[in-house]
Amino acid sequence: MSAPLLRPDSGPADPPSSRANAGVLPCPVFAYTFDPSRGAQRIDVPGLDGIVLTPHTVLHWAFYADGPAATLAPWAGLAVAVDVRTPDGSRLSDIAAVRDRYDFPLTAEGQFAARWSMPEQWNADSVALAPPAPLGTGTGTVELVFGTAELATTPDVPAEVTGFVQVLVEERPGPGDLPPVERVDTRRGSHSGPRFSRGNTVPAVAVPHGFTFVTPATDAADARWPYRPFVHDDPQGRRLEALQFSHQPSPWIGDRAVLQLMPFFGTARSAREDRRRWIVEIDQLTNEGLLTFTDIGFEGWIPEGPEDWGNAPRCYFAGTVHSASNAAHGALDDDGRARVAGFVRAVGAVEVRVGVSFLSVAQARHSLALEAPPAVPFDELRARAAAAWNRLLGRVTIPPLPEAERPFRGLADEEQRARIAAALHRMHLYPNTATENTGTAEAPAWRFADVFAPRTAFGESATGAPVAEGELVVNNGYWDTYRTEWPALALLDPALAGRLLDGQLMQYRRGGWMARWSAPGYVDSMVGTSSDQIFADAARWEVPFDREAAFESGWRDACEPGPDPRRGRKGIGRGRFLGFIPSDVPEGMSWSIENAVSDAALGRFAAQLAASTAADDAARYRAFARYFANRSRAARALFDPASGFFRGRTADGSFAPDFDPRVWGGDNVETNAWGMSVGTVHDGPGLAALHGGPAGLGRHLDALFAEPETADERFGGAYGTVIHEQREARAQRSGMCALSNQPAHHIPFMYAFTDRPWHSAGLVHGLARRLFAGAHIGQGFPGDEDNGEMSAWWLWAALGLYPLELAAGTLRIGSPLSDDIRVARGDGSSLRIRSRRSSPAAHVLEGARLDGRPLPTADLPIDALRGDAVLDLVFGTDPARALESGEDALDAEPWRCDLTADAGEIVASADVLDAPRLFDDGDPQGDAGVRLPEGSWVGWRFPSPRGLTDITVTSLGPTAADALRWEMEGADGAWHPLATRHREDLAPDRTTPFTLEMRVVTSAVRVRATVEVTLRQIELFDLS
């Protein structure tokens, strides 16, 4: 074809997260066709010639492309840009200083090279038309620019590409100096769905870490995606079917306790289609429940959730109606739902205030009176909430943009400030308190409905659940949030983080186990007991919370099989002895990697406790520290040298056949083998050694970023289809680094363990700049924004820091998105990070100083962040001048396997039967254990004398500390007592480690029972 074509159209036929046959801007949609081999090609936008240019004129555009020309390299379908031509022939893109709202150059080459756009998505951008001469105030014609000169010379470029585009010009005065809360658009992330996520959020309105949310619903029957205006909008306009109370932590978990309201004019209707776009009455998501009316309002209950999926209790509510005229009310039976639907009606302004409670209707009224008393007007309540948010959203700041740069970068500056505020907003929406004040404002009495107790019948006006004292904090997917969210909360506000962690610990105190997904009770979702590393890292940050209880919860997670699939680590009954979870456990390899990360954190946690505890307890914690640190390195056994990937193994050590690292699922949760290939973040030197050294790991990472994700159905694997994470990974154009999902968030930082540790900084800087676009049309994230974790990842990138190794006490230094950025911490201290660059593209860290003192590596010690701290960074472009050259690689700590895995033989007294079970690595056939009668003994004989420092023992029942006596065989052939550095009772089926008083070299070791006991397993280690 000779020239690009542009024709009116309705829009794409099947966009995965938008409405079919529609655009996203309030202006016409055009279909485009062009030949990318012809270089950059321009075409005027119909109707946008001779537009008047003023200091407030802003040009918006959005484009969409799908199919192979957009989804696969070289992504020619995404080579779309705009420009403005003035009557004298000059163009806006000729002004080198002009930047779009994402701070990228406006040229066609600059836009395409920035890679901020995605296939299968509407990609929206803006640019101000306010720069000074040569444009000035006058007129201009808007052009679309398709293709680039470089694309024209790219091999295998398609002959023709197609897509859709919209262009809009508006007058938009600058917003001025807004408070942070006014920069938050709660719709960020809601332009999503089950096939493609740009956040998968609801536009929740709440107080920080509040008890409940309020959100609009465009589909009032959907408990997972209630707000999807870009799908649900009708030709008449923006659909609204309810304003609803919500407790949704994630669409994949679902909502609970949903109470819906809508104002209305005329006749009230409860049928959702009939009430659509009008303000309606009172309703519930389900047809179960009860709504009744009182003299001052209404009250009732909303049904409880499934006991095996969060065990959400029944929710009670009470509302009051405030109006200048008399209010009428009644049931609505137009849709057969009079039990749960009704209306209130009055003339003029009508204000409804609602309290919700998991305790009772009376408590709902009490909470309403405490938090929104009639004497306090709505505007004051709103101002109080805004003040609470501003205190948190103002924690991270950047300097004002110089006035001389405002015409060129004003929109980009607004976007950056909005991203900071939005990140902090999402981070402080979750987790949520589930506790209610049954006392007064002056003397609060905090209680909650216990969701960890067995389900009992609920009443019409009060809960049947046990009511417990204290604070319960819920709504958190720890597999997501442990990576960035909790470390960020520790940095921002240690006291707040401590309160939230103590509230989360109520799960362990009441239910005996920490949840993997708290919603509000136990949910069988995701892999790993990631609260282990959350607690360990918080302790390293010196966050104040119950550390001892937190550690005990982690020990139970790591060393005791859970009572059901919702609690504990799956497969740990055998995996604690094998060193990995065998592949007959679904997703066993991912469990193994996550367990290893948790174990490393628990080892560091134990070491912290040992350093701050009395001598007797210190010895105990040191034994745990040694055991967990060593066990965390057992994940190396899953590395397959032949393929260069971690792979699932059966219990006998065999790898599964037919391996393809591109296949999703199976061993790998929400990713493939590429995505899990550098998952051992706690063991970077060990990972490098598996690849032959730092250079080998570097080559593997290079290959990871070069290997394209195709989202081909052939690689759907165990999922049986292309899941949304695959589509998002393909759309990001970053190889197999699927930053759209949590398992990839550490991947760019793993260059720290290669021969090019400096490479991470520029890589992360670029990803953070380009993958968070589109917030003004409800996007803003590259994938699911889970409980603040995706936001926290971006915020760490903005700071140029990252918590790569949790509980290690350091942050990796990267390349900040702003050259001057400040964190005001909740304890009154601050951290200011200043960057000096040889050029805007300089991301190689040449030097770092903390309060004027040089840092030897690109690691910021968190212990130094006391009081006001200033981190000064110097960046260049020459790797030869990098602070870290990669030549001084750390040696990998050795992994010491159980000595009974090597040659040797079992020794036992004659009255001990089935002794081999004690050394069977947890084979289920030996789960009955081995009974040791009083005075009997069992042990292990080595082929030759071996060193021994540590042991573990697992008892099937509770066992007193003095029930077992350890002995070693001396050179004289006699048995001699063998003392451990601490003694403790054994919990049922929970593996307990002990360290010997001193390392011994012996031919045999045994344990003697002083009373009858039943043991499950014995392990022997030389950890010297």
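Strand S11, residues 242–246, is mostly covered, with four of its five residues buried. The model described here is predicted. Its chain has a mean pLDDT of 94, and 97% of the residues reach 70 or more. One stretch stands apart: the pLDDT is below 50 over residues 278–282. Beyond near neighbours in sequence, that stretch still has 34 contacts in the model. Where pLDDT is low, the predicted coordinates should not be read in detail.

- S11 pairs with S10 through five bridges, and the two strands run antiparallel.
- Threonine 215 has its bridge partner in S11, namely glutamine 244.
- S11 also pairs with strand S12, residues 259–261, in the antiparallel sense over three bridges.
- In that pairing, leucine 261 of S12 stands opposite leucine 243.

**A nonpolar surface patch**

- Val205, Val214 and Leu243 make a nonpolar surface patch of about 220 Å².
- Valine 214 belongs to strand S10, which covers residues 213–217.
- Valine 214 counts as partly exposed because its relative accessibility is 32%, between the cut-offs of 20% for buried and 50% for exposed.

- Methionine 514 sits in the loop between helix H12 (506–511) and strand S27 (517–518).
- Methionine 514 is buried, because its relative accessible area is 2% and the cut-off for buried is under 20%.
- Leaving aside neighbours within four places in sequence, the contacts of methionine 514 include Tyr478, Leu505, Tyr522, Phe535 and Asp557.
- Arginine 556 is 42 residues from methionine 514 in sequence, and their C-alpha atoms are 9.2 Å apart in space.

**The sheet S26-S27-S28**

- Three strands form an open sheet in the order S26-S27-S28, with antiparallel pairing.
- Strands S26 (476–477) and S28 (522–523) stand at the edges, and each has a single partner strand, so one side of each lacks a neighbour in the sheet.
- Two bridges join S27 and S28 in the antiparallel sense.
- Serine 518 has tyrosine 522 in S28 as its bridge partner.
- Tyr522 is also one of the residues in contact with methionine 514.

**Salt bridges**

- The count of salt bridges comes to 68, with a side-chain nitrogen of Lys or Arg within 4 Å of a carboxyl oxygen of Asp or Glu as the rule.
- Glutamate 380 and arginine 384 form a salt bridge through their side chains, at 2.8 Å from N to O.
- Both residues lie in helix H7 (residues 378–393), where glutamate 380 and arginine 384 are four residues apart, about one turn of the helix.
- Glutamate 380 is partly exposed at a relative accessible area of 36%, and arginine 384 is partly exposed at 44%.
- Glutamate 403 and arginine 406 form a salt bridge, with their closest N and O atoms 3.4 Å apart.
- Glutamate 403 counts as exposed at 60% relative accessibility, whereas arginine 406 counts as partly exposed at 32%.
- Arginine 447 and glutamate 469 form a salt bridge, with their closest N and O atoms 3.6 Å apart.
- Arginine 447 lies in strand S23 (residues 446–449) and glutamate 469 in strand S24 (residues 467–469), so this pair ties together parts that are 22 residues apart in sequence.
- Arginine 447 is partly exposed, with a relative accessible area of 26%, while glutamate 469 is exposed, with 59%.
- A network of salt bridges links Arg42, Asp44, Asp83, Arg85, Arg91 and Glu143.

How values were computed
Residues are numbered from 1 along each chain as its sequence is written. This is a predicted model: local features need pLDDT of at least 70, side-chain atom pairs count only at pLDDT 80 or more; totals for chains, interfaces and linings use all residues. Side-chain values use heavy atoms; hydrogens and water are left out. pLDDT is the predictor's confidence in each residue, from 0 to 100. Contact means heavy atoms within 4.5 Å. Patches are made of residues with over 30% relative accessible area and no salt bridge: like charges are joined within 9 Å, nonpolar side chains (Val, Leu, Ile, Met, Phe, Trp, Tyr) within 5 Å. Accessible areas come from the Shrake-Rupley method with a 1.4 Å probe; for residues, only the protein chains shown count as cover. Buried means under 20% relative accessible area, exposed over 50%, partly exposed in between (1.4 Å probe, protein chains only). Two strands pair if DSSP finds at least two bridges between them.
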